[in-house]
Amino acid sequence: MDKDAHIRKFDKQAKKYEKLQKKDPTARFRKRIIPDADGKTLEVAIGTGLNLPYYRNVTELTGIDFSSEMLNAASKITHSYPFEINLEQADVETIHFEKNSFDTIVSSLSFCSYENPVQILNRFQRWSKPDGKVLMLEHGKSTNRMLRGIQRGIDPLAYKMIGCHQQRDIIGFVDESQLEVLKVERALAGLIYFIWARPQK
Ligand SMILES: C[S@@+](CC[C@H](N)C(=O)[O-])C[C@H]1O[C@@H](n2cnc3c(N)ncnc32)[C@H](O)[C@@H]1O
């Protein structure tokens with residue numbers, strides 16, 4: 001999909017994601033992994049800031065997203081948190097950060113939409129400090145055969161309508177990248193992936 005069309009798709013969904021700031025059905029998944037972030041943190045594709053309530057030990061957060069509408073919604077709630085938050089409209093596939101910039105890099109529910117997911121993970125490897133961590137909360141290919149069939153069936157339409165692939169092999173991406181997986185957990189028939197990783201030495 002052409003990049004501008006992709007951005008417009010997410011701009012259009014910003015109101016829906018803004019409503020989730022009040023009641024988020026994915027809160028229990030976020031609570032499982034987001035509190036593990038610490039120090040100087042980068043959150044890619046931050047959307048409307050639904051992870052913000054779960055950061056405990058973050059000292060400074062940079063949040064990027066290519067959708068200005070998502071960021072507008074996020075900017076309305078940043079004042080409620082006791083750490084510095086800088087939001088920037090940027091494409092995670094092209095933005096530049098110095099090597100070894102962050103203690104933690106967080107991604108949630110964003111690897112469904114990237115064109116080159118493995119390249120992005122390799123960017124995380126570069127941006128992470130050598131003892132840093134990468135935390136991922138993603139959705140992708142289920143462990144249940146019937147659900148996988150449904151995911152395969154709806155994938156083309158879902159990508160066209162909401163810019164989001166349904167059956168991505170998230171662990172396969174990480175295994176192919178320069179990150180090292182430390183721990184994986186799954187939920188909801190394997191649809192939800194929690195991945196704790198670090199840059200390879
Ligand atoms: C499904 S939403 C998830 C938002 C948020 N991470 C969350 O957990 O609620 C996907 C987000 O990824 C952003 N996004 C997708 N591709 C991107 C890219 N290449 N660069 C920056 N942001 C991107 C979209 O604008 C959208 O905010």
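Tutor: Let's begin with a pair of strands: strand 1 (residues 38–44) and strand 2 (residues 57–65) run in the parallel sense, paired over seven bridges. The model is predicted, with local features needing pLDDT of at least 70 and side-chain atom pairs pLDDT 80 or more, while totals for chains, interfaces and linings use all residues. Residues are numbered from 1 along each chain as its sequence is written.

Student: What makes strand 1 and strand 2 a pair?
Tutor: Two strands pair if DSSP finds at least two bridges between them. Strand 1 and strand 2 have seven bridges, so they pair by that rule. The strands themselves are DSSP runs (E, at least two residues), as are helices (H or I, at least four), numbered from the N terminus.

Student: Which sheet do the strands build, and in what order?
Tutor: They build an open sheet of seven strands with mixed pairing, in the order 3-2-1-4-5-7-6.

Student: What makes strand 3 and strand 6 edge strands?
Tutor: Strand 3 (84–89) and strand 6 (179–187) each pair on one side only.

Student: How do you know that Val106 is buried?
Tutor: A residue is buried if 20 or more other C-beta atoms, placed from the backbone, lie within 10 Å of its own; 12 or fewer make it exposed, and anything in between partly exposed. Val106 has 28 such atoms within 10 Å, so it is buried. Val106 belongs to strand 4. Its contacts (C-beta atoms, placed from the backbone, within 7 Å) include Ile34, Thr41, Glu43 and Leu135, leaving out residues up to four places away in sequence.

Student: Which residues of helix 4 are buried?
Tutor: They are Pro117, Leu121, Arg123, Phe124 and Trp127.

Student: Why do we say that they line one face of helix 4?
Tutor: Seen down the axis of helix 4, the buried residues fall within an arc of 150 degrees, so they line one face. That arc is taken from the directions from the helix axis to the C-beta atoms. Among the elements covering these residues are strand 1, strand 4, strand 5 and helix 6 (170–176).

Student: What is the make-up of the shell around the ligand, by class?
Tutor: The shell has 10 nonpolar, five polar and three charged residues. Nonpolar here means Ala, Val, Leu, Ile, Met, Phe, Trp, Tyr, Cys and Pro, charged means Asp, Glu, Lys and Arg, and the others, Gly among them, are polar.

Note on methods:
Two residues are in contact if their C-beta atoms, placed from the backbone, lie within 7 Å.
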